[in-house]
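I opened this structure to go through its chains, sheets and helices. My entries follow in the order I looked things up.

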Protein chains: 2
Amino acid sequence: MQAVLDYLTKNKARFVSELCDYVRFPSVSAQPQHKNDLLNCAQWVVDHCEGIGLTASLHKTEGHPIVLARTPRPKGKQAKRPSFLVYGHYDVQPPEPFELWKSPPFEPKIVGRSLFGRGSSDNKGQNLAHLKAVEAYLKTSTPLPCDLTFVIEGEEEVGSKSLADFLKREQKQLACDAVVISDTGMPTPKHPALTYGLRGIVAFEVTLHGPARDLHSGIFGGTVDNPAMALCQMMAGLRDKNGRVTVPGFYDRVLPLSAYERKQAARLPFNANEYKKFLGVPQLFGEKGYTPLEQRSCRPTLEINGLTSGYQGHGSKTIVPAWARVKITTRLVPDQRPQEIMKLVIAHLKKICPPTVRIEVEGGHGAEPYVVSPESPRAQAALRALKTAFGCEPVLLREGGSIPIVNDFKKILGAESLLLGLALPDDNAHSPNEKFDLECFTKGQRMAACLWQELAGS
Amino acid sequence: MQAVLDYLTKNKARFVSELCDYVRFPSVSAQPQHKNDLLNCAQWVVDHCEGIGLTASLHKTEGHPIVLARTPRPKGKQAKRPSFLVYGHYDVQPPEPFELWKSPPFEPKIVGRSLFGRGSSDNKGQNLAHLKAVEAYLKTSTPLPCDLTFVIEGEEEVGSKSLADFLKREQKQLACDAVVISDTGMPTPKHPALTYGLRGIVAFEVTLHGPARDLHSGIFGGTVDNPAMALCQMMAGLRDKNGRVTVPGFYDRVLPLSAYERKQAARLPFNANEYKKFLGVPQLFGEKGYTPLEQRSCRPTLEINGLTSGYQGHGSKTIVPAWARVKITTRLVPDQRPQEIMKLVIAHLKKICPPTVRIEVEGGHGAEPYVVSPESPRAQAALRALKTAFGCEPVLLREGGSIPIVNDFKKILGAESLLLGLALPDDNAHSPNEKFDLECFTKGQRMAACLWQELAGS
């Protein structure tokens, strides 16, 4: 194992230079004019994998190709050994607006310990770190304690449309004990993190229909309900003054936070005043009894995303609007089920709708919440790898957003995901001047190298 | 007087033909390309007035000209006699959409007892009826018991922008005991009507500001208030389940309806089921303790005219919106005061606004409510004239909308208005296929003829 770590140290400079080559591809999956750049980038990944000793192949999809790469499997009949899948993506967000970049987005530039360039942090630097760790094993002939399969796709930034089909098609050769993904974040370089939970989501659109057309508020106002007012009254009742959602049954399946989880959450660096200032709100507000960090990651919410009714232009228009519409999303936490929450919310809305308007509710997309036990042997193994590589006590995170591919891995491959993100909050992912911290790159390689020892033994 | 009525009968056909000439002018005040058509129409009115024996003049304004016409004043020093101002407008609404008209809007067409054409009812037919009544007096040398001044403007459909200035400039020669306006409606040809009250109005725009920018509802949702939800909660509390506005002091100055008024209102033809069907609502809703007719004309309201927040496009966008906005109008009744109501509403909104968002309230335009006592001598005189001309017991109406010029007449000339509308509910004012009932035209002329006798003696 020391040989592996020495190899990583010795080749540090070359790895940075290779990351620069990787970042130079303008592999913007959302923009059709970059179709060939994605293909070229995918081919570069295939060639790179083969160069370090993996068996790699490029798989066409209806969108951009997926790269599949495997460590050499031991010859002969051996006792079955652990197998892991490493996921990453080579596509990047659009770089616009160009004028806000201090250096061109696809001309990587090193300033201090940061490498600037679109995709440097999200996700090229992170998936290359995993490849470099494997290279170190293979080039030093250090036996890997497990089989590894890399899946590096080109459509993550546009919804991973082809990934589920690919997982289904290649289900057999992708079978694994767990998935490892470095595509999330850590709070600071001194707080390496395991993200062990994600929120789910359900979206709704509710329309209240009142009069058949907008009515003159002078001539008719006072004799009919106002759909916008009716909508406000319905929405108002959905959240109480303690910030709790009032839909009956909404919290029934919510798992309470364990003492271990709350203790871990309390270790995270957080300054409420700075946070308030960063968001620009006059005052924070959330569910009583929980810290802001818990509120935004471990507790479900119901948010209005949009309101539309009547006249929206300049000045006033004296009408009773014909209809009013609201877009709602609820963020879900384990073990809430999107379909069940959808039913509960729709039934409740229909129940509280007054007879003076007609309600139309449409349930939209949903995603399951996700959690792996932070006390499970694999999670503990990951934490040990983080600690060894970074030299600090790692933190446990739950994130408030959803990562739909995690549910695909669970549903199609039956595998849990370990989220070991290497991005820092100021990496400007999806923004101008994206950068990757080169120390996170180096330590990420070491973490990946240690991880296989820890996981195989766990 | 019999000579006047006989003259009206004898010249019926010619009057209809003259109305057709009047309607042929496409005097669309909102459309710049019709500027000359308005000028030509105004000149036609001047010429017409002079032809029937009035002294008429055309007054330029910053917009379209105003026609002023006066009956010949008696010679020599006489005891001061009553003087009335008759208001009308020669401009019309835009005719679009053309494709919905059964005959071209500016080619008048008679079908049965209706004359179809833009402006036939609103307001050319109605002001011509008054001119024809005066013509009958002058051409039969029947002495008028009062002095009359006609003001026929060309900007009513675009807000009467020049009228107030004109009234101020010509205040001396426009001095009068009362104003007579035929620009409202009657429920059916068997229900000639005196409109004795109008609602006032105040407009507001309220914006709640939350985070400095739209926030990712996954990453941040749960830790900040949602401005759209806060807005719904504030709005929800403004109207209780009995349909009453909850702003403290809102009803303090509302005059209760007299037994006489409620009795008169109960005489009006009204079918709740047909009304509900006409509006297309599942169920009527209004302030408890009042009939729909009272609710829409004699009671104040608070209506949401528009809602805007966050994402309004197709599908969903998972954000906590940065701000939410509502447009509100309150309809006012005597003796509510727009400025006072504005202050009450704004103070209340600021009071109920939670500390988690920042409120911005803008008070918009206002108009005073209007009422003349239906038991006053002049109102009773008008009712007698209606009864004589139509041969049916007239009804007393209060209308829910506002007619700002009525307040101008009161403020600038110190004169009350008698609203004696000749339009039927199915006249399609402001809509395609506008028409005027020729029996309303004929009976309107007789009403106008009788009115001066009744008013001068009242």
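**Chain contact.** I began with the contact, which takes 68 residues from chain A and 68 residues from chain B. I counted two residues as in contact if their C-beta atoms, placed from the backbone, lie within 7 Å. On the side of chain A that touches chain B, the elements giving two or more residues include H7, helix H10 (292-295) and S11 of chain A. S11(A) gives the most to that side, with 9 residues. Helices (H or I, at least four residues) and strands (E, at least two) are DSSP runs, numbered from the N terminus.

**Ground rules.** This is a predicted model, where local features need pLDDT of at least 70, side-chain atom pairs count only at pLDDT 80 or more, and totals for chains, interfaces and linings use all residues. Residues are numbered from 1 along each chain as its sequence is written, while chains are lettered from A and ligands numbered from 1 in the order in which they are written.

**Symmetry.** I superposed chain A on chain B: a rotation of 180° with 0.2 Å of shift along its axis does it, at RMSD 0.3 Å. The two copies are thus related as by a two-fold rotation axis. In chain A, the C-alpha nearest the axis belongs to Cys232(A), at 2.2 Å. The same surface serves both copies, since 100% of the contact residues of chain A recur in chain B.

Next I traced an open sheet of 8 strands, in the order S14(A)-S9(A)-S13(A)-S11(A)-S11(B)-S13(B)-S9(B)-S14(B), with antiparallel pairing. Strand S14 (358-367) of chain A and strand S14 (358-367) of chain B are the edges, each pairing on one side only. Two strands pair if DSSP finds at least two bridges between them. Within chain B, strand S9 (residues 200-209) and strand S13 (residues 323-332) pair over 10 bridges in the antiparallel sense. There, His209(B) has Trp323(B) in S13(B) as its bridge partner.

**Helix H7 of chain B.** Is it buried or exposed? In helix H7 (residues 227-236) of chain B, 9 of the 10 residues are buried, so it is largely enclosed by the rest of the structure. Buried means 20 or more other C-beta atoms within 10 Å of the residue's own, exposed 12 or fewer, and partly exposed in between, with C-beta atoms placed from the backbone. Cys232(B) and Met235(B) are among the buried ones. Their cover includes helix H7 (227-236) of chain A and helix H11 (338-352) of chain B.

**Strand S16 of chain B.** I found 5 of 5 residues buried in strand S16 (residues 395-399) of chain B. Val395(B), Leu397(B) and Glu399(B) point one way, and Leu396(B) and Arg398(B) the other way. Strand S8 (residues 193-198) of chain B runs parallel to S16(B), joined by 5 bridges. Thr195(B) has Leu397(B) as its bridge partner.

**Domains of chain A.** The assignment, automatic or from a database, gives domain 1 (2-198 + 370-457) and domain 2 (200-254 + 300-367). Their C-alpha centres lie 41 Å apart. I noted 6 residues of domain 1 in contact with 5 residues of domain 2.

**Helix H4 of chain A.** Last, 18 of the 20 residues of H4(A) are buried, so it is largely enclosed by the rest of the structure. Just after H4(A), Ser141(A) takes a positive phi of about 55°.

Definitions and conventions:
Copies are superposed by least squares on the C-alpha atoms of residues with pLDDT of at least 70 in both.
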